[in-house]
Number of protein chains: 2
Amino acid sequence: MTITVEKIEIAGIEKSGSFVDSSIDTAWLGRYIMGRWADVRLESRALSGRPEMQDVPGLSKVDHRERVMGQLKLLVEHGQVHRAFPPAFGGLSDHGGHLAAFEELVVADPSMQIKSGVQWGLFASAIQHLGTVEHHAAWLPDALSLATPGVYAMTETGHGSDVASIGTTATYDAVTQEFVINTPFRGAWKDYLGNAAVHGKAAVVFAQLITAGISHGVHAFYVPLRDEAGEFFAGIGGEDDGLKGGLNGIDNGRLHFDHVRIPRTNLLNRYGNVAEDGTYTSDIKSPGRRFFTMLGTLVQGRVSLDGASVNASKVALQIAVTYGNQRRQFSGPSGEEKVLLDYQRHQRRLIPLIATTYAQTFAHEVLLEKFDAVFSGVDDTDASRQDLETLAAALKPLSTWHALHTLQESREATGGQGFLAENRLTGLRADLDVYVTFEGDNTVLLQLVAKRLLTDLSKKFSSADASTMARLVIDQVAGNAVSASGLRRLGQRVHDRGSTARAVTQVRDADSQRELLTDRVESLVASIGAELRAAKKNGTTEETFNAQQSNLIEAATAHGQLLQWEAFTDGLAGITDAPTLHVMTWLRDLFGLHLIEENLAWYLINGRLSRQRASAITAYVDRLIERLRPHAQDLVDTFGYGPEHLRADIATGVEQDRQDEARAYTEALAASGNAPVPEKH
Amino acid sequence: MTITVEKIEIAGIEKSGSFVDSSIDTAWLGRYIMGRWADVRLESRALSGRPEMQDVPGLSKVDHRERVMGQLKLLVEHGQVHRAFPPAFGGLSDHGGHLAAFEELVVADPSMQIKSGVQWGLFASAIQHLGTVEHHAAWLPDALSLATPGVYAMTETGHGSDVASIGTTATYDAVTQEFVINTPFRGAWKDYLGNAAVHGKAAVVFAQLITAGISHGVHAFYVPLRDEAGEFFAGIGGEDDGLKGGLNGIDNGRLHFDHVRIPRTNLLNRYGNVAEDGTYTSDIKSPGRRFFTMLGTLVQGRVSLDGASVNASKVALQIAVTYGNQRRQFSGPSGEEKVLLDYQRHQRRLIPLIATTYAQTFAHEVLLEKFDAVFSGVDDTDASRQDLETLAAALKPLSTWHALHTLQESREATGGQGFLAENRLTGLRADLDVYVTFEGDNTVLLQLVAKRLLTDLSKKFSSADASTMARLVIDQVAGNAVSASGLRRLGQRVHDRGSTARAVTQVRDADSQRELLTDRVESLVASIGAELRAAKKNGTTEETFNAQQSNLIEAATAHGQLLQWEAFTDGLAGITDAPTLHVMTWLRDLFGLHLIEENLAWYLINGRLSRQRASAITAYVDRLIERLRPHAQDLVDTFGYGPEHLRADIATGVEQDRQDEARAYTEALAASGNAPVPEKH
């Protein structure tokens, strides 16, 4: 229903102004954005809403770790950990649903979420995906039941993102038919490992497999760590990583191995095996491809961090917008104090973040569907795995950074209240901080994406005819590559001086947004490609690649944002309620145009937008924010978290109560005739 | 000395490339940037380097609070707290030196710094500045000696930035000659007050002074809070603010008053007095001016947070750059792994932050000198106080946000290491988080600056002749205000297509930077002024002011950055050593051009830079970063913090040791002939 109003009240908040208002159907939309695994999500949210699953701010490191360990046992009891595993081990082989449930745990306690991810998403999952049937039978049940708390021992102090270069060795001794696990120097200590400091009884250790004098690269080995009493077995040592910036409910630690011997059969040998005599065999001939295949399971960590981060952004916005609609500060024209969200700056701070959070919600659903298709086997090809990995590598950086940004803006927008632990924002931010550098450092992931974009470009090039290539090259030289023909319309009249309104109509429709966003990705990639081709001829590839590093990251970011925009736009197609669609389209437009606004200099320098149209974009972004302001509360309420999830005093309505009490006091005082008269009167 | 080198080694770090290298004189420069109060700073740094003055990560809230309270006693014992007070009370009336020393405490523990700020910078300082001789005699000695831990009870749950609207009342009862302090509703509880939860024995309470039925606005009252046993006196209540996102060594809490009676003489009556019969008198007739005069002492908090934040940025950069020069990741062209800081992205992340930190260092010194001149009485006029307040309001937001940004970039640039408490970055960031919203919320302060800029503009307008006004108006209409004539040269040939190198030479000199930065401030202010004048005619001032809020903040930010640039440039004039000057000039250029790059869209849209020249700026920023890269270590070592201040494991050289050990192992293995052969060979 679309109505023109002067003043309306939604969810207890008075919204005034002369605008066309469309009330969104929050119940329907809330369910819609939860996507295919909505029921699983709701179940996981119900569990996450229980106090025993939640963090208690201020616990000591030791107590927090024990509490989280207890919560992992509760997850087992509630049947929350088997879903992704095969029916033979009590599971449902439901990969998408497993991650959907996992992502919702972040609202209970990120430490609990991540520690459960270490146990089932990394340790048990490595046994399942890198091991073979004997391994599954031997170790999966205890890994799943938490009888064996496990460590995923991949990262070393000296090597994180570059896993291929780790220093730990596993040298086969054919005489005893054992692997000798060894840490040759301090930099090769395993580090930052969840479960390593206290609880871990066994580990999947990644090491360079050496047999018969040949190094076959990184493989995974099952290594018992501690006895029943919790003492390290002989040859194994370690230390506590100690206090961290967040996630202190996880016992991260370091491990080192002094010629620790394990049976030959402890090699998780799905992708590479060593026979009794020391002969190495693998179905995957290329060591490089074998390595990336073995690391392929890591993608589920990235997928789930993407989803969890979006959820954290939702929590932050639900808190900040609720408070911003109740807290008043400084008098407005009427003499009454204005609510924070009526200030333009406050709107500019929070409303674009709502748009981005919706875009990331839709994009995450696309990613999760793709993940499920690959891991369920419905669409498990080399190509689809590569697409999945590229998509996860593109989205995880954007959503984890967005979550930190959103939590911080929300914290600042709620002032001193936001700094109190009782209002949740600082704790979540501290925990999520590490999401931007673990499970693939964001800048490294974006470079992987950029390399894929370059590969795709070079394929296009190798198949392109001479005239296409010539045109591309000429465009580059002129600094004016226009890869989508429609853009010529937008950019050609650089000096037009029409009205702002007319300029807006020429850029605000969905096709224009898509063209502008697509063009930027393609042009950035084409420009880097041209530099690299020139460098290849000159023998300066390495230097040039380094000189293009920022551009690579820029291109990958733009690509990820375009994918988010496309997912949002596709998501609109499923909305039938006209007012809801109306508001959500404004929100999508805000997301798209805000992205363009953030990169306006690029569009101007490269002749894609005239000065007139560039100004129009900022003006239109302002207008969209103004239109969306009355819907801000509905849009965050749609996220659907209850007080048991938000657990923020300022999001309970307490501020509204305080405002009402203060107003009632002032009014009663005035009515009594005893109110003091201001000196200036 | 300027030399051309292919490869050099500075501070153990090999720096290669073909460039003109100038070694900076770090010892001299380090002393130079410490400014006028260098000796005081060094003394305070020495104290801050002592373990008993420092935080111990992981302490419980209770233990941390007690530790910090003990440290405050040590500050008294070391004679660190009297400096700003008059000789009669054991001080030196050294205002600038006091803040310089205070700012250095942040490297020991921000909780200790801020709690000492509450005690001496707010509580004792309010007695001194708002009270009169009897008050000084009665309360200052115990406030200074910490015999009376004190609370500065200004902020309320419902009113932070808008102090004028607080709800607490102090109603004079002429019968008993007492003031009755009362909290009329929950929103008027005093909140976030350091020392309130546990240690505070007395408070300076800000309340609306009411006498004879007239409200004279906010005044300060000395109110005893707790008895010797720590119990609240009758009528006083409160609660603990509990755990916070940081600064947990401070016992922040809430206070409320139920008709608490204090003697008439407990009004701190320097700027306003109530006689026995209830007659109110003040030397300052305007209630507004009186209010701002009383709040004037708050400026020292803003000045010192500016300085403390710059110091925190220095600590972060010294840690991150040191590690970035030692940690290696991924193989370079030679097969050897590259140090992080040789990656372009890493350079782009950290080196501009070094430039900004230097700019803020120079700007802070200007601010501190101004503060000292005003508070010492050397230059204490209404005009100079207003200038001081505007300068503090412009710089504090920029430096506090910069510190958070720098700490976060440093944390991410050091990966998992950066997330460990032992490497310091996350703890400092958590503590400094609140610096952006307390002692004046950053967005509110920037609006104060903008209002001042508008006032200055309207003064200019009212004195401008008709032709000047006409020109300004025409420029605005054309969207093309060019207020500095030199800019016409930069902007007039929008379509020039010369070489990038030629375009660079036209924008990189200091005059061009100044013109571009100045022009942006003036144009933004002029444009807002024009909107407001039009609105005044249309009677839409309030709405228009709100619609301009983002622009106001933008203008104030640009103004603050220009001041930083000017301070940096003035600072260069004092450098005589040619190589040092050479490098520092590049650094200033990087600061200036990076600012212009960040706002490139504005310069393009408003016709100040052609597309060609805009591109040239980005290219030149890249070149400057490349030139500065070999000096990065020197530039951060110049900050002069020792291991006792940094207290970050990764900044101790431990990573270099690990790299050396790993390399020695690999080389020895290769030499032994036992190294395994890679499978792919």
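A:Ser215 stands opposite B:Pro678 in strand S16 of chain B, a pairing that belongs to the two bridges joining strand S8 (residues 214-224) of chain A to strand S16 (residues 677-678) of chain B, with the two strands running parallel. Strands pair here if DSSP finds at least two bridges between them, and helices (H or I, at least four residues) and strands (E, at least two) are DSSP runs numbered from the N terminus. This is a predicted model, in which local features need pLDDT of at least 70 and side-chain atom pairs count only at pLDDT 80 or more, while totals for chains, interfaces and linings use all residues. Residues are numbered from 1 along each chain as its sequence is written, chains are lettered from A in the order in which they are written, and side-chain values use heavy atoms, with hydrogens and water left out.

The contact (heavy atoms within 4.5 Å) takes 95 residues from chain A and 95 residues from chain B. Together the two chains bury about 7700 Å², 54% of it on carbon and sulfur atoms, where buried area is the accessible area (1.4 Å probe) lost on putting the two parts together, summed over both. B:Arg345, B:Phe419 and B:Glu679 supply 10% of the area that chain B buries against chain A, more than any other three residues.

Across this interface the rule finds six salt bridges, each a side-chain nitrogen of Lys or Arg within 4 Å of a carboxyl oxygen of Asp or Glu. A:Arg411 forms a salt bridge with B:Asp433, their closest N and O atoms being 2.9 Å apart. On the side of chain B that touches chain A, helix H10 (residues 382-413) of chain B gives the largest share, five residues.

Turning to chain A, UniProt places "domain: Acyl-CoA oxidase C-terminal" (unreviewed entry) at residues 513-648, and such annotations may be inferred rather than shown by experiment. That span of chain A, residues 513-648, is 82% helix and 0% strand, with its end C-alpha atoms 37 Å apart.
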